[in-house]
Amino acid sequence: MDVSQDQCDRIRSNTESLNAQQESLNRSQQVAAEAETRAADVLENLRAQRESLQRSRAKNKPVSYTHLRAHETPEHLVCRLLLEKKKKTTQFIPLTQQTSFNMLSIIR
């Protein structure tokens, strides 16, 4: 069977193309495998974090206001007292229609 030079060149070109495509597929499979490994690591890390959070929530118990006040530092006490004082002294005076009319006349 006689194979012409042109056919040999086409066979060689197609073989090179197939080899290049195979290399590309191999690289893609390698990237996919690495991504899968990383994803598995991330999932494991998230699972461990979820378990840690669940253990922390199980340990937390509500405490009373009295309990919180018992552990209050002097700095927090001063801050809380100042805030309470500010709340008591700040009162909003509702504006009546007459008051707003007087204010408008002063502005003009």
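**A helical chain and its charged pairs**

R10 counts as partly exposed, at 47% relative accessibility. Here buried means under 20% relative accessible area, exposed over 50%, and partly exposed in between (1.4 Å probe, protein chains only). This is a predicted model: local features need pLDDT of at least 70, side-chain atom pairs count only at pLDDT 80 or more, and totals for chains, interfaces and linings use all residues. Residues are numbered from 1 along each chain as its sequence is written, and side-chain values use heavy atoms, with hydrogens and water left out.

R10 pairs with D6 in a salt bridge, 3.7 Å from N to O. A salt bridge is a side-chain nitrogen of Lys or Arg within 4 Å of a carboxyl oxygen of Asp or Glu. D6 is also partly exposed, at 48%.

Now the whole chain. It has four helices and zero strands. Helices (H or I, at least four residues) and strands (E, at least two) are DSSP runs, numbered from the N terminus. Buried residues make up 1% of the 108 residues. The accessible surface comes to about 10,700 Å², and 58% of that belongs to carbon and sulfur atoms. These areas come from the Shrake-Rupley method with a 1.4 Å probe; for residues, only the protein chains shown count as cover.

R80 sits in helix 3 (residues 74–89). R80 is buried, with a relative accessible area of 15%. Beyond residues up to four places away in sequence, R80 touches Y65, R69 and E72; contact means heavy atoms within 4.5 Å. E72 forms a salt bridge with R80, with the closest N and O atoms 2.8 Å apart. E72 is partly exposed, at 24%. R80 also meets E84 in a salt bridge of 3.1 Å, N to O. R80 and E84 are four residues apart in helix 3, so about one helical turn lies between them. E84 is partly exposed, at 32%. Elsewhere, salt bridges that share partners join E44, R47 and E51 into one network. The structure holds six salt bridges.

What about disulfides? The count is zero, where a disulfide is a pair of cysteine sulfur atoms within 2.5 Å. C8 is partly exposed, at 29%. C79 is partly exposed too, at 45%.

Last, the surface. V42, L43 and L46 form a nonpolar patch there, with about 290 Å² of accessible area together. Patches are made of residues with over 30% relative accessible area and no salt bridge: like charges are joined within 9 Å, nonpolar side chains (Val, Leu, Ile, Met, Phe, Trp, Tyr) within 5 Å. V42 belongs to helix 1 (residues 5–59).
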